[in-house]
Amino acid sequence: MRSVRAAWVVAAAAGVLAYAWWASVRPPFSLSAHLAVFAAAGALLVVGTRAGRVPPASACDREHGRFVAGLLLWAVLAASVVGFELFNWLQHPRDEHPTMSALVNSVDTRAVRPVLFVGWLALGWHLVRR
Amino acid sequence: MTRTAAVALWLMLAGAVFALHLAALVTGHRVPTLGDAAGYALRPRAGRLLVLAGWVWLGWHVFVRSHPGG
């Protein structure tokens, strides 16, 4: 029974990796690139929602000062990332003001993109089950 | 702002995220991890929609807009 489960896990991982490789090398702005991202996002949202949510750790619900201060710090960091992304996006030339995608382009290879795609899927799975 | 300064600022932001997450793990969630913070943001329906839309946008931004060849 355990070997059957392990085989399913290996097959699923191989399927995700194959899809990530295919999805991450689509031509920019092509229909297939849009389909690859939105189909994966849609499937993950449906499967993740059906799988149910993971209950938060009890320590996470402590409303003490340090925890709330930490939440505020995360909010400031998130706002900084979004703000800096928007700032760079509105400036030119792009080479002097790199957005996240420009940075990804600058270090990009066909070997790295599938890994980034799997990371994006893992982040989505983590978020949708919260 | 030069490219070097912009990249340095991106690295600082990434470092801050990593450091805060690590601090949370080391202190046993007395400070929230990134997942804990996301969990709070995901509680209200509007927050959930916003965070998940942000995730979809990130995928579009990185994998639809950017060039596969590098």
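The largest pocket has a volume of about 2000 Å³. The model described here is predicted. This report considers the pockets, then the interface between the chains, and finally some details of the backbone.

Rolling a probe the size of a water molecule over the atoms shows where empty space is left. The lining of the largest pocket comprises 50 residues, and those nearest its centre are A:Ala78, A:Val81, A:Met100, A:Leu123 and B:Leu58. Both chains contribute helices to this lining: H3, H4 (100-106) and H5 (112-128) of chain A, and H1 (3-26), H2 and H3 (45-63) of chain B, each supply at least two residues. Sorted by class, the lining of the largest pocket holds 39 nonpolar, 8 polar and 3 charged residues.

The second largest pocket has a volume of about 320 Å³. Three helices of chain A, namely H1 (2-23), H2 (31-51) and H5, each supply at least two residues of its lining. Of these, H2(A) gives the most, with 5 residues. The residues that line the second largest pocket are A:Val16, A:Tyr19, A:Ala39, A:Ala40, A:Ala43, A:Leu44, A:Val47, A:Val118, A:Leu121, A:Ala122 and A:Trp125. By class, this lining has 11 nonpolar, no polar and no charged residues.

## The interface between the chains

How many residues of chain B are in contact with chain A? The contact involves 46 residues of chain B and 59 residues of chain A. About 5000 Å² of area is buried between the two chains, and carbon and sulfur atoms give 70% of it. On the chain B side, B:Trp10, B:Trp55 and B:Phe63 lose the most area to chain A, together 19% of what that side buries.

Two packed helices are described by the angle between their axes and the distance between the axes. Two helix pairs across the interface are set out below.

| Helix pair | Angle | Distance between axes |
|---|---|---|
| H3(A) and H2(B) | about 85° | 10 Å |
| H5(A) and H3(B) | about 175° | 11 Å |

The contact of H3(A) with H2(B) has 6 nonpolar, no polar and 1 charged residues.

For the other pair, the axes make an angle of about 175°, which is over 145 degrees, so H5(A) is roughly antiparallel to H3(B). On the side of H5(A), the contact is made by A:Arg113, A:Leu116, A:Phe117, A:Trp120, A:Leu121, A:Leu123, A:Gly124, A:Leu127 and A:Val128. On the side of H3(B), the contributing residues are B:Arg48, B:Val51, B:Leu52, B:Trp55, B:Val56, B:Leu58, B:Gly59, B:Val62 and B:Phe63. The contact of H5(A) with H3(B) has 14 nonpolar, 2 polar and 2 charged residues.

## Details of the backbone

Most residues other than glycine have a negative phi, and most peptide bonds are trans. Where does A:Phe29 lie? A:Phe29 is placed in the loop between H1 and H2 of chain A, and this residue has a positive phi of about 65° although it is not a glycine. In chain B, the loop between H1 and H2 contains B:His29. The phi of B:His29 is positive, at about 70°, although B:His29 is not a glycine.

The peptide bond from A:His92 to A:Pro93 is cis, with omega near 0°. A:Pro93 belongs to the loop between H3 and H4 of chain A.

Methods: Residues are numbered from 1 along each chain as its sequence is written. Chains are lettered from A and ligands numbered from 1 in the order in which they are written. This is a predicted model: local features need pLDDT of at least 70, side-chain atom pairs count only at pLDDT 80 or more; totals for chains, interfaces and linings use all residues. Side-chain values use heavy atoms; hydrogens and water are left out. Axes are lines fitted to C-alpha atoms, for helices over the stretch in contact, and angles run from 0 to 180 degrees between N-to-C directions. Helices (H or I, at least four residues) and strands (E, at least two) are DSSP runs, numbered from the N terminus. Ala, Val, Leu, Ile, Met, Phe, Trp, Tyr, Cys and Pro count as nonpolar, Asp, Glu, Lys and Arg as charged, and the others, Gly among them, as polar. On a 1 Å grid over the protein atoms alone, a cavity is a set of points where a 1.4 Å probe fits but cannot get out, and a pocket is an open set with protein on both sides within 12 Å along at least five of seven lines; lining residues have an atom within 4 Å of a point. Grid points are joined across faces, edges and corners, and a volume is the space filled by probe spheres set on the points. Contact means heavy atoms within 4.5 Å. Buried area is the accessible area (1.4 Å probe) that two parts lose on being put together, summed over both. Angles under 35 degrees count as roughly parallel, over 145 as roughly antiparallel, 65 to 115 as roughly perpendicular and the rest as oblique.
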